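Hello,

I am handing over the structure we talked about, and I would ask you to open it beside this message. Below it I describe what was found, one part at a time.

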Amino acid sequence: MNKVIANNDVNVFDVEKIRLDFPILSIKVHGKPLCYLDNAATTQKPKVVIDKLVEYYTSMNANIHRGVHYLSELSTKAFEDSRIKIKNFLNASSEREIIFTKGTTDSINLVASSFGRGKLKDGDEIIITGMEHHSNIVPWQLVAKEKKIKIRVVPITDTGEIVLEEFEKLINEKTKLVSVVYVSNSLGTVNPVEDIIKIAHKHNIPVLLDGAQAVQHLNVDVQKLDCDFLALSGHKIYGPTGIGILYGKEKLLNELPPYQGGGDMISKVTFEETTFNSLPYKFEAGTSNIADAIALGTAIDYFSAIGIDAIAKHEGELLDYATEKLSGLKEVRIIGNAKRKSSVLSFVIENIHPHDVGTFLDFEGVAIRTGHHCTQPVMDRYNIPATSRASFAMYNTKEEVDILVGGVKKIIEVFK
Amino acid sequence: MDTELRELYQQVILDHNKSPRNFKKLENANHTAEGYNPLCGDKINLYLVIEDNVVKDVSFQGSGCAISKASASLMSSIVKGKTKEEAEQIFVKFHDLVTGKLTDEAAIEELGKLAVFAGVRDFPARVKCASLAWHTLISALKDEQNVVSTEE
């Protein structure tokens with residue numbers, strides 16, 4: 001039993017109790033208990049979230065913002081209540097700043113498209129880092145194909161960190177946006193986004209944070225951070241797939257043109273002209289992913305009830321424990337040794353390809369991710385084709401880390 | 001080790017992974033091709049010396065998982081001395097083997113050492129690892145200078 005006392009000393013963080021909330025954690029894989037350590041790819045869902053989806057389709061389903069009938073009012077209320085939950089969760093100043101999207105990738109594409117059309121002109125520059133997920137590289141390259149903008153990249157050090165001085169050197173009068181990952185999905189690095197935002201704002205440059213790996217591990221307060229945009233995925237914070245959020249400062253969102261055109265994002269349409277709806281609907285064309293948006297609100301409720309401080313403490317202990325155990329094996333090299341890390345442990349084993357590691361561990365019931373993690377430039381930076389990545393969530397235990405390490409030892413023995 | 005896993009990682013495969021045969025660059029190669037699996041980053045450069053329609057010499061370089069490396073190593077040993085047509089015929093049978101289409105014991109036996117890849121059929125995600133070297137071979141035989149990708 002792993003019992004950790006939460007910071008406030010009132011709630012007891014009981015991982016065994018939490019595990020019971022997640023039905024999938026009791027299944028077996030190849031005859032072994034599932035040891036799910038692929039949480040950076042997607043997290044498992046608590047029963048309350050699964051039940052909410054069933055409840056929605058069983059007793060609430062109707063299109064929102066349209067009908068005057070009972071069900072439409074019910075689903076509209078649940079949908080908008082979820083937006084308020086997310087607004088509170090991120091501490092945004094208004095629900096008008098919370099836009100439902102398909103996920104982080106969609107959110108970044110929204111900004112790239114709208115900011116690209118509305119604010120960028122030939123010769124402008126944007127800054128990203130060397131540890132971006134492809135989803136914060138490719139959308140900008142698409143913009144760069146239409147407008148002659150330049151993408152500048154902050155280099156990363158051997159430990160997997162960025163140097164703020166190097167970042168500041170890239171800023172010039174042509175820089176129009178800084179778009180950086182908060183927590184690296186392949187290295188686990190927690191970037192100094194507070195400093196990045198301060199430096200960027202000194203030069204009046206807005207900052208977009210890719211928060212896909214951040215909101216489920218860190219206390220994220222968009223007003224305190226003062227970020228201009230924040231993108232996140234629902235399925236990485238115990239919610240359903242296909243739903244995500246773009247937070248944006250109201251003033252900035254009002255200045256941008258719409259992303260897509262269609263229903264819900266208009267207030268008046270004639271064949272000659274259209275008046276767009278107000279925020280956040282201006283950016284939500286077409287029928288939204290209503291059920292998943294509502295269930296994301298349930299996931300946020302579940303997450304908040306346990307509390308980010310207790311969760312972060314527990315995950316931090318797991319990361320430290322796993323790092324210590326794996327570093328103890330001379331054949332293993334950890335990729336990403338930043339001073340501040342969160343829940344992601346990437347490693348390579350001497351002379352054993354990560355895909356062989358992945359297949360071996362699968363037979364121990366252990367699910368990890370192997371490959372380039374959609375960060376090929378990071379792999380090139382370390383001159384490796386791929387890594388094995390274990391990533392932790394609130395329901396993981398030290399016993400599971402032991403199973404992972406046992407599996408790694410086994411494969412080292414077989415490949416000797 | 002689990003039986004299914006042992007079927008996949010047979011001793012011959014582990015051995016060829018550890019000490020791949022013909023792992024070098026042939027300076028006098030007259031047919032070459034590059035193979036790439038974008039999903040896992042496996043890469044292979046294949047070098048052939050073909051004279052009078054016969055593969056006189058073959059070598060490869062690259063990086064990949066045990067399955068892809070052992071497959072390239074065994075392929076290089078087996079096609080040496082074969083005509084282009086013979087090599088192509090072996091590829092067809094090998095492909096049937098790893099995708100589970102070749103089940104006749106006698107036919108599998110005919111593949112000789114390549115039969116160790118039979119276990120791959122239980123791992124659909126690894127079929128591409130086993131067949132990358134062979135797809136690259138076919139490309140080199142045709143002397144297409146393009147990069148072969150498993151995703152095309």
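**What was found**

Helix H3 of chain B, written H3(B), is followed by B:Gly81, a residue whose phi is positive, near 90 degrees. Please keep in mind, as you read on, that this is a predicted model.

I begin with that helix. At 1.5 Å a residue, the 14 residues of H3(B) should span 20 Å, and this agrees with its end C-alpha atoms, which are 20 Å apart. Is H3(B) enclosed by the rest of the structure, or is it left open? Because 12 of its 14 residues are buried, H3(B) is largely enclosed by the rest of the structure. The buried residues include B:Ala66, B:Lys69, B:Leu74, B:Met75 and B:Val79. What do they pack against? Their partners in chain B are helix H2 (11-18), strand E2 (42-51), strand E3 (54-63), helix H4 (84-98) and helix H6 (127-142), and they also pack against helix H12 (354-362) of chain A.

The two chains meet in a contact that takes 13 residues from chain B and 14 residues from chain A. On the side of chain B that touches chain A there are 9 nonpolar, 3 polar and 1 charged residues. For the complex, the predictor gives an ipTM of 0.88 and a pTM of 0.92. The mean pLDDT of chain B is 91, with 94% of its residues at 70 or more. Among the elements of chain B, helix H3 (residues 66-79) has the highest mean pLDDT, 96, whereas strand E4 (residues 147-149) has the lowest, 66.

Turning to chain A, you will find 14 helices and 19 strands. Its radius of gyration is 22 Å, close to the 22 Å that the globule rule gives for 416 residues, so chain A is as compact as a globular protein of that length. Buried residues make up 50% of the 416 residues in chain A.

Chain A is divided into domain 1 (3-45 + 307-414) and domain 2 (50-305), and the C-alpha centres of these two domains lie 27 Å apart. Their contact takes 27 residues from domain 1 and 28 residues from domain 2. On the side of domain 1 that touches domain 2, at least two residues each come from helix H11 (308-327), strand E16 (344-349), helix H13 (376-381) and strand E19 (387-391) of chain A. The residues of that side divide into 10 nonpolar, 11 polar and 6 charged.

With best wishes

Note on methods. Residues are numbered from 1 along each chain as its sequence is written. Chains are lettered from A and ligands numbered from 1 in the order in which they are written. This is a predicted model: local features need pLDDT of at least 70, side-chain atom pairs count only at pLDDT 80 or more; totals for chains, interfaces and linings use all residues. Domain bounds come from an automatic or database domain assignment. Two residues are in contact if their C-beta atoms, placed from the backbone, lie within 7 Å. Helices (H or I, at least four residues) and strands (E, at least two) are DSSP runs, numbered from the N terminus. Ala, Val, Leu, Ile, Met, Phe, Trp, Tyr, Cys and Pro count as nonpolar, Asp, Glu, Lys and Arg as charged, and the others, Gly among them, as polar. pLDDT is the predictor's confidence in each residue, from 0 to 100. The radius of gyration is taken over C-alpha atoms; the globule rule is 2.2 Å times the number of residues to the power 0.38. A residue is buried if 20 or more other C-beta atoms lie within 10 Å of its own, exposed if 12 or fewer, and partly exposed in between; C-beta atoms are placed from the backbone. The expected span of a helix is 1.5 Å times one less than its number of residues.
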